[in-house]
Amino acid sequence: MTTPLRRTRGIRLALTGALLAGLTLLTTAGPALADDPSASASPAGDEAGPTEAGTTFRTATALKQGRSGTAQASAGDYLYWVFPADAGQRPTVEATVKLPESAARRGTSTWQVDVYDGLRRRQACMYGHQTRKAAADAATVELSCVLRPVRAWSEPWANDPLPGSYYIRLTVVDLPAADLGLPVDVEVKTSIKELGGGHDRGGTLAEPLVPGVSVASAGETDDTSASGAPRTLATGEPEDGWASGWWTDRWLWTVGGGVLAALAAVFGYSLTRGRGRPAHVPPSV
């Protein structure tokens, strides 16, 4: 016959095993939330990027995530590109400007890269070299901007990055008048880092902030039935599509935390309830 002591030990061993299993679940989900520098999405691949840039927001050249684009322009031009970014991602923009020969230049120049969201709100950079001065004998100037993590939802008054299109604007902000119009070669590159559900704050947008998305959504049924193909937007979207809004790896933490709480409650009860009535004590009538 199994004694109460052995039964209690068996319960404790079972609860200990369950606790270890729950901890394993949480530790395996942890790396997905860590800000690992080596974890980046959308490798560049072999596909060639665009070889031109737009001159306004409306004519911005589309870039895919993780792709680079080049352009030949003149000093003083405003150059525009646009790329998509989704919730839980942290975009990084890098730009390299190849300057003319130093003999053709008259002085130093200052270049700047700005990033705007789908509402054309200028987004601040977490870090990077957004503005840089190039000496008169410099061959190139390199700029970068690391944006804040994109949120799935935000208050109307806030300026948080939201899912949708992001515009890159590159231009020179300080240049001798004699150097205006000199030819320059430009290369821009976008990279995306997946941050996971650790940056989710709840809520979702009805549609991503992409120009024309409301009109496209209104006519989506008619366009699909007429052509037999789903709609595509000029500014593109992430390769995996826009986030559905309900799934996040925070669910793993929520479920794992609930399991651990339940097991801890059972374990605590088993420790405090005692072993029952001693054998030498008669039952009460």
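How many helices and strands does the protein have? This predicted model has four helices and 10 strands. From the N terminus, the order of elements is α-β-β-β-β-β-β-β-β-β-β-α-α-α. Of the 285 residues, 36% count as buried. The accessible surface comes to about 16,600 Å². Carbon and sulfur atoms account for 56% of that surface.

Take the sheet next. Five strands form an open sheet, in the order S2-S10-S4-S8-S6. Their pairing is antiparallel. S2 and S6 (125-127) are the edge strands, and each pairs on one side only. From one strand to the next, the twist averages 30°. Cys 125 has Leu 147 in S8 as its bridge partner.

Now the interior. In soluble globular proteins, nonpolar side chains tend to be buried together. Here the largest nonpolar core has 31 residues. Those with the most contacts inside this core are Trp 81, Phe 83, Val 97, Trp 111, Leu 170 and Val 186. Strands S2 (68-74), S3 (79-85), S4 (89-98), S5 (109-116), S8 (140-147), S9 (164-174) and S10 (183-194) each give two or more residues to it.

Phe 83 is worth a look in the viewer. Leaving out residues up to four places away in sequence, Phe 83 touches Leu 63, Pro 91, Val 93, Gly 164, Ser 165, Tyr 166, Ile 168, Thr 190 and Ile 192. Across the protein, consider contacts between residues at least 6 apart in sequence: 74% of them join residues at least 24 apart.

Methods: Residues numbered from 1 in each chain as written. Predicted model: local features only at pLDDT ≥ 70, side-chain atom pairs only at ≥ 80, totals over all residues. Heavy atoms only, no water. Core = buried A, V, L, I, M, F, W, Y, C linked by side-chain atoms within 4.5 Å. Buried < 20%, exposed > 50% of the residue type's maximum accessible area, 1.4 Å probe, protein only. Contact = heavy atoms within 4.5 Å. Pairing = 2+ DSSP bridges. Axes fitted to C-alpha atoms, helices over the stretch in contact; angles between N-to-C directions. Areas by Shrake-Rupley, 256 points an atom, 1.4 Å probe, with all protein chains shown as cover.
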